[in-house]
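Please walk through the structure shown here, from its aromatic rings to its loops.

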Amino acid sequence: MFNRAIHFLSSRSPWLVYLPFFLLFAYIAVSFSDHSQLYRDEYRYWGFAENLLNGHFHFKTGDNFLWSGPGYPITMVPFVAFDAHLAVIKFMNAVYLYLSVVLLFKTFTFYFSRRTSFLLALAWACYFPFYEFALPEIMTEALAALMVTATMYTWARAFRTGRSSWRQLLLPGFCLAFLVLTKIIFGYVVVFVGAVVWIARLIRRKNPPTQLLPLSRVMALALAFLLPYLVYTFTLTGRPLYWGNTGGLSLYWMASPFEDELGDWHGPSLREHPQLMQNHGEFFAEIKNLPPIEKDDALKARAVQHIKAHPKKFVYNAIANVGRTFFSYPLSFLKPSNGIYKYLIVHGFLLVMTFLMLPLTIRRHQRFPAEMLLMLGIVLVYLGETVLVASYVRFFCIVVPVFVWWIAYGWDRFVSIGFKPDRDDGGGGGK
């Protein structure tokens, strides 16, 4: 009966099959938070949306200057323009997460049977650790997850069906660019990975791999879509490739040399713990009145000083940051809690599978789809970057679909009780 139910559901429209999850997402988004006022980062996103309505994006005073990218505020503009109830904006998080589930199913159908695709997308829909970050707050996570899956889907549709002209790659490039605008940390990643792809194309220009040309094009298009934002930040700062002014504070906390501070992020008010004021109060008082860019520079300069003076402590903090990225532990000044287990079960499994799949991927990289390897490369560089700045588990949650895609493909193609070396369907055509 179970198999018949799976067959029945997987053969139906994903828009209907996953509709119960949309209702669950909407219930969590609307019912699990207070809608009477804005909290924490919500003020900033609302403020950025108001700025866009007033003809500019950046904050003209204060540390918020370019603290976030314009992706999420752009989606909020219609609601802010009409002063919509906060519950309506949070309801949109449910829409974004539901769309990500459907797009993930559609992506998987290019590589797996509909039954397997249904079960893998169902796993993402049931990914409960993400609910608390993605749904009940005005935050970027649900939209970022949607843009990750939209990038996967548009890339899969283009590369699996042989659509590789500049015009046909506009949508894949745009989706990657909007992911960057939603989470500006991806900006540095896209520039780096794009440069690697183009260098590889130049090196192999006489005999390039089949999919290297479309991969280089999609990265170039993504950067082209990002150019207006980079021109805008250049006019404000005089600096090329300036994505935002958040990096200095994150790096500063990662470089903290004090024993009880483990590299996690703290607000510049230093109110979270008395020891923060004791350790950092004097320096923060010195830079308090600096303009945002100069303050960001001062924080980076002090962080570099701490790293040079205490390299072992920086490595220790980076190791702790890996734990925070996957398990939300350890945190400065806080004792362990049972909350770690909700991440340990799911993320522990993904990490084990990742370590098992990496050697296989390196050995048989030519039999993995090129678009999958490029997306995986972007995600791994992104996670490597988060290790060097103050990170949280929600940074990992948004890229879980990429790990599911990659691990499932490797397992399906090459793994049973042992490896299956004689199977020759490598390049990734759908079943």
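The model is predicted. A search of the whole structure finds 39 aromatic pairs. In one of them, the ring centres of Trp-124 and Tyr-127 are 5.5 Å apart and the planes meet at 25°, so this pair is stacked. Both Trp-124 and Tyr-127 are buried. The rings of Phe-283 and Phe-284 are arranged edge-to-face, because their planes stand at 85°, with 6.0 Å between the centres. The cut-off for edge-to-face is an angle over 60 degrees, while planes under 30 degrees apart count as stacked. Phe-283 has a relative accessibility of 8% and therefore counts as buried. Phe-284, with a relative accessible area of 9%, is buried too.

Aromatic residues also come together in a group. One aromatic cluster is formed by Phe-108, Tyr-111, Phe-112, Phe-368, Trp-405, Tyr-409 and Phe-414.

Next comes the second largest pocket. Its space amounts to about 860 Å³. How many residues line the second largest pocket? The lining is made up of 25 residues, and those nearest the centre of the pocket are Leu-215, His-365, Ala-370, Leu-373 and Leu-374. Four helices each supply at least two residues of this lining: H11 (185-203), H12 (212-237), H17 (340-363) and H18 (370-387). The largest share comes from H18, with six residues.

Thr-325 is a residue of helix H16, which covers residues 311-327. Is Thr-325 buried or exposed? Its relative accessibility is 1%, so Thr-325 counts as buried. A polar atom of the Thr-325 side chain lies 2.8 Å from the backbone oxygen of Asn-321. Leaving out residues up to four places away in sequence, Thr-325 touches Leu-383, Thr-386, Ser-391, Tyr-392, Val-393 and Phe-396.

His-35 is placed in a loop, the one between helix H3 (19-31) and helix H4 (41-53). With a relative accessible area of 16%, His-35 is buried, since the limit for that term is under 20%. Two polar partners of the His-35 side chain can be named. A polar atom of this side chain lies 2.5 Å from the backbone oxygen of Val-30, and the side chain makes a polar contact of 3.3 Å with the side chain of Lys-90. Both Val-30 and Lys-90 are among the residues that His-35 touches beyond four places in sequence, along with Ala-29, His-85, Leu-86 and Ala-87.

Val-17 belongs to helix H2 (residues 14-17). At 15% relative accessibility, Val-17 is counted as buried. Apart from neighbours within four places in sequence, Val-17 is in contact with Leu-9, Arg-12 and Phe-118. Between Val-17 and Ala-309 there are 292 residues of separation in sequence and 57 Å in space, taken from C-alpha to C-alpha.

Val-304 lies in helix H15 (residues 292-309). A relative accessible area of 37% makes Val-304 partly exposed. Val-304 and Arg-413 are 109 residues apart in sequence, and their C-alpha atoms are 45 Å apart.

The last topic is backbone geometry. The loop between H16 and H17 holds Ser-328 and also Pro-330. Which residues does the cis peptide bond join? The bond links Tyr-329 and Pro-330, with omega at about 5°. Ser-328 is not a glycine, yet its phi is positive, near 55°. Ser-328 counts as partly exposed, because its relative accessibility is 27%.

Leu-270 likewise has a positive phi, of about 60°, although it is not a glycine. The position of Leu-270 is in the loop between helix H13 (247-254) and helix H14 (274-287). Its relative accessibility is 4%, so Leu-270 counts as buried.

Notes: Residues numbered from 1 in each chain as written. Predicted model: local features only at pLDDT ≥ 70, side-chain atom pairs only at ≥ 80, totals over all residues. Heavy atoms only, no water. Phe/Tyr/Trp six-rings, centres within 6.5 Å; stacked < 30°, edge-to-face > 60°. Buried < 20%, exposed > 50% of the residue type's maximum accessible area, 1.4 Å probe, protein only. Polar contact = N/O pair within 3.5 Å; in protein donor to acceptor, adjacent residues only side chain to side chain. Contact = heavy atoms within 4.5 Å. 1 Å grid on protein atoms, 1.4 Å probe; cavity = no way out; pocket = protein on both sides within 12 Å on 5 of 7 lines; lining within 4 Å. Points joined across faces, edges and corners; volume = space filled by probe spheres on them.
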